[in-house]
Amino acid sequence: HRWLDRLTKGGVASIGELAERENVHRAEISRFLPLAFLPPDIIEAILEGTQPVDLTIRRLRQAPSLPHSWQDQRSLLGFSE
């Protein structure tokens, strides 16, 4: 969320500039930025450690593009309805 805030609120002009300031590769930022759009209940579950056991950082990093729909995200990431 911090990276998204810096990009949207004018702290940096581009992902490249953000990557340089954060000392990470721009691909890493591009890979993690979509996670800022996860539904609040999934974020809360991850922070509390109650997410599905197979939902790991590795799985999130290797996941294809996340769907825009929160319900579709829940299904993809193993959260029951």
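How much space lies in the largest pocket? About 200 Å³ of space lies there, where a pocket is an open set of points on a 1 Å grid over the protein atoms alone, at which a 1.4 Å probe fits, with protein on both sides within 12 Å along at least five of seven lines, and lining residues have an atom within 4 Å of a point. The volume is the space filled by probe spheres set on the points, which are joined across faces, edges and corners.

This is a predicted model, in which local features need pLDDT of at least 70 and side-chain atom pairs count only at pLDDT 80 or more, while totals for chains, interfaces and linings use all residues. Residues are numbered from 1 along each chain as its sequence is written, and side-chain values use heavy atoms, with hydrogens and water left out.

**The chain**

The chain has six helices and zero strands, these being DSSP runs numbered from the N terminus (H or I of at least four residues for helices, E of at least two for strands). The C-alpha atoms fill a box of roughly 40 × 25 × 25 Å, taken along the principal axes. Of the 81 residues in the chain, 27% are buried, where buried means under 20% relative accessible area, exposed means over 50%, and partly exposed lies in between (1.4 Å probe, protein chains only). The chain exposes about 5,600 Å², and carbon and sulfur atoms supply 53% of it; such areas come from the Shrake-Rupley method with a 1.4 Å probe, and for residues only the protein chains shown count as cover.

| Pocket | Space | Lining residues by kind |
|---|---|---|
| Largest pocket | About 200 Å³ | six nonpolar, one polar, one charged |
| Second largest pocket | About 180 Å³ | eight nonpolar, two polar, no charged |

The lining of the largest pocket includes His1, Arg2, Trp3, Phe32 and Leu35, and helix α1 (residues 2-8) gives the most to this lining, with three residues. Around the second largest pocket stand Leu35, Leu38, Ile46, Leu55 and Leu60, among others. Helix α4 gives the most to the lining of the second largest pocket, with three residues.

**The cores**

The largest nonpolar core has nine residues, namely Leu35, Leu38, Ile42, Ala45, Leu55, Leu60, Leu66, Leu77 and Phe79, a nonpolar core being a set of buried Ala, Val, Leu, Ile, Met, Phe, Trp, Tyr and Cys residues joined through side-chain atoms within 4.5 Å. Apart from this core lies another, of eight residues, among them Trp3, Leu18, Ile29 and Ala36.

**Two residues in detail**

Leu60 lies in helix α5, and Leu60 counts as buried because its relative accessibility is 12%. Not counting residues up to four places away in sequence, Leu60 touches Leu35, Ile46, Leu55 and Leu77, where contact means heavy atoms within 4.5 Å. The C-alpha atoms of Leu60 and Ile46, which are 14 residues apart along the chain, are separated by 11 Å.

Is Ser75 buried or partly exposed? Ser75, which lies in helix α6 (residues 70-76), is partly exposed because its relative accessible area is 46%. The C-alpha atoms of Ser75 and Asp41 are separated by 13 Å, although these residues are 34 apart along the chain.

Key
Ala, Val, Leu, Ile, Met, Phe, Trp, Tyr, Cys and Pro count as nonpolar, Asp, Glu, Lys and Arg as charged, and the others, Gly among them, as polar.
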